[in-house]
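This report covers selected local features of one protein chain. The sequence and structure are shown first.

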Amino acid sequence: MMLPRPLFLLLLSLLHGAAAGDICIVGSGISGSSTAFFLTNYTSGLATALSGGRLRVFERRAKVGGRLATVTIAGDQFEAGGSIIHPRNLHARCFADLLGLAVKTGGDDDWLGIWDGDRFVFQTLRPLPPGSSWLRRKLHALLNSLRLLKRYGLSLLKMDRFVQDMLQRFMLFYNGLESRPVFDTVEEMLKWSGLYDLTRRTLQEELVDAGLNSQTVSELVTVITRINYGQSTSISGLAGAVSLAGSESGLWAVKGGNWQLAAGLLKAANATLHLQEGIDSIHYAGDHYVLKSNKGHEYNCAATVVATPLDEVDITFSPPISIPPRKMQHTHTTFVRGLLNPEFFGLSSVSDIPELIGTMELPDIPFSCISVLKKYSEEDMTYKVFSRVKLDDSLLDQIFSTRKETIRINWPAYPHYEAPEVFAPIILDGKQLYYVNTFESAASAMETGAVAAENVARLVIARLPLPPRDGAGAGAGLSSAGDDDQRADL
């Protein structure tokens with residue numbers, strides 16, 4: 001006996017686990033996982049409000065985290081993507097505390113050398129041996145500050161003032177919900193916080209107006225922007241200010257990998273996770289969205305949040321969407337276990353090579369930076385190298401005297417910043433299709449992803465609409481995970 005067609009389609013939909021009331025998030029990085037968390041914790045009974053629908057998160061890779069990932073070398077795990085978090089990144093700090101994640105702080109006395117392709121034009125002091133006394137460490141820090149001040153002068157204070165002004169404005173995004181609007185566009189977010197003008201001009205222009213001298217910009221500032229964004233001081237001012245903030249003291253990370261933030265948030269949100277299931281197409285069907293995955297499954301969603309950069313993914317939208325073109329800046333991350341070649345740097349001994357090599361913006365320098373991740377012995381270390389293009393074996397054999405292990409990763413890490421920045425819509429179709437990663441055109445970091453995600457979650461709640469939770473805040477009502485083996489797991 002044949003079933004009536006409407007009943008057959010209903011059963012087929014149930015077999016695929018779809019429901020018209022689902023909220024679907026494409027991408028499980030910090031933006032997608034934060035969106036899921038805020039949706040759950042800013043609403044009162046999300047599952048009930050969705051009338052049986054689910055909060056679904058799709059990840060085309062085999063592991064959550066997006067551009068948060070680790071590599072393993074000699075039994076040790078090292079960050080391969082987003083690696084540092086600023087002490088004033090309140091969402092990330094709150095997430096780590098709520099999830100019970102252990103954190104580690106970075107060393108504030110890195111031995112930095114600025115290389116111009118021929119020689120080190122400046123170096124900070126070598127770090128003290130472990131176990132040095134408090135007094136000796138304080139004296140060492142003071143001497144380092146005096147060394148920097150001697151070379152760069154009052155520009156250091158002016159640079160700090162520029163960064164602190166940006167951070168003070170950014171802190172407005174943590175104001176209470178009653179005093180902070182829900183924003184329909186990135187432009188509105190930035191204008192409300194007083195940060196919009198920084199996206200209209202280059203970092204170079206902003207720093208000249210701030211009174212920094214040319215040597216500070218061409219050396220110290222350039223080293224920082226090349227390390228953090230793989231770009232020069234021609235990037236837009238807000239991205240540049242965020243980059244400079246990443247050089248401050250007190251930076252931290254999650255022990256075992258920052259990807260655990262994403263995994264923990266998805267678990268807390270009780271999201272249904274679809275690993276190794278990318279989305280091929282998103283079709284608006286009149287009152288809901290139909291998402292078709294690379295596994296041939298279809299999912300009906302009341303609202304869809306795209307939480308991955310659309311610049312290099314192949315998702316077909318129907319009806320088509322329109323977003324401004326944006327080029328992604330690829331960072332080639334090369335991990336090497338071995339030993340640097342001192343002759344490449346014009347030195348006679350490995351012990352004379354700084355532990356963090358920053359570079360100036362010169363055409364013949366093949367990498368942005370090299371840092372020591374772990375020292376096993378005087379003849380055996382693990383290094384991380386950032387570059388704008390792939391470093392072939394012949395070049396690596398010049399830079400390193402020995403290589404026991406080499407791992408290469410090519411990240412479309414962040415936008416290529418060009419002032420004045422142009423932003424894609426947050427609401428892509430004027431209905432219930434949202435785009436978190438448009439905010440990356442202002443600045444890209446774990447915390448900016450979380451800030452953008454919170455705004456999108458509030459938009460969805462307001463426009464779907466969903467019942468808000470009274471007194472909801474960034475850490476309100478952390479829920480426990482279910483036992484479903486599809487849930488995100490730490």
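## Helix α11 and its surroundings

N270, with a positive phi near 55 degrees, follows α11. Helices and strands here are DSSP runs (H or I, at least four residues, for helices; E, at least two, for strands), numbered from the N terminus. The model is predicted, so local features need pLDDT of at least 70 and side-chain atom pairs count only at pLDDT 80 or more, while totals for chains, interfaces and linings use all residues. Residues are numbered from 1 along each chain as its sequence is written, and side-chain values use heavy atoms, with hydrogens and water left out.

Helix α11 spans residues 259-268 and is mostly covered, with nine of its 10 residues buried. Buried means under 20% relative accessible area, exposed over 50%, and partly exposed in between (1.4 Å probe, protein chains only). Among the buried residues of α11 are W259, L265 and A268. The elements that cover them include helices α2 and α4 and strands β2 (55-59), β3 (70-73), β8 (252-254) and β9 (272-275).

## Packing of α2 and α4

Helix α2 (residues 30-41) packs against helix α4 (residues 90-99) at an angle of about 70 degrees, and their axes are 13 Å apart. The angle makes α2 roughly perpendicular to α4, a class that runs from 65 to 115 degrees (under 35 is roughly parallel, over 145 roughly antiparallel, the rest oblique). Axes are lines fitted to C-alpha atoms, for helices over the stretch in contact, and angles run from 0 to 180 degrees between N-to-C directions.

S34, F37 and F38 of α2 meet H91, F95 and L98 of α4, where contact means heavy atoms within 4.5 Å. These residues divide into four nonpolar, two polar and no charged. Nonpolar covers Ala, Val, Leu, Ile, Met, Phe, Trp, Tyr, Cys and Pro; charged covers Asp, Glu, Lys and Arg; the others, Gly among them, are polar.

## Two serines

S34 lies in helix α2 and is buried, with a relative accessible area of 0%. Leaving aside residues up to four places away in sequence, S34 touches F95, L265, A450 and A453.

S322 sits in the loop between β13 (316-318) and β14 (328-340). Its relative accessibility is 62%, so S322 counts as exposed. The C-alpha atoms of S322 and F38 are separated by 27 Å, and the two residues are 284 residues apart along the chain.
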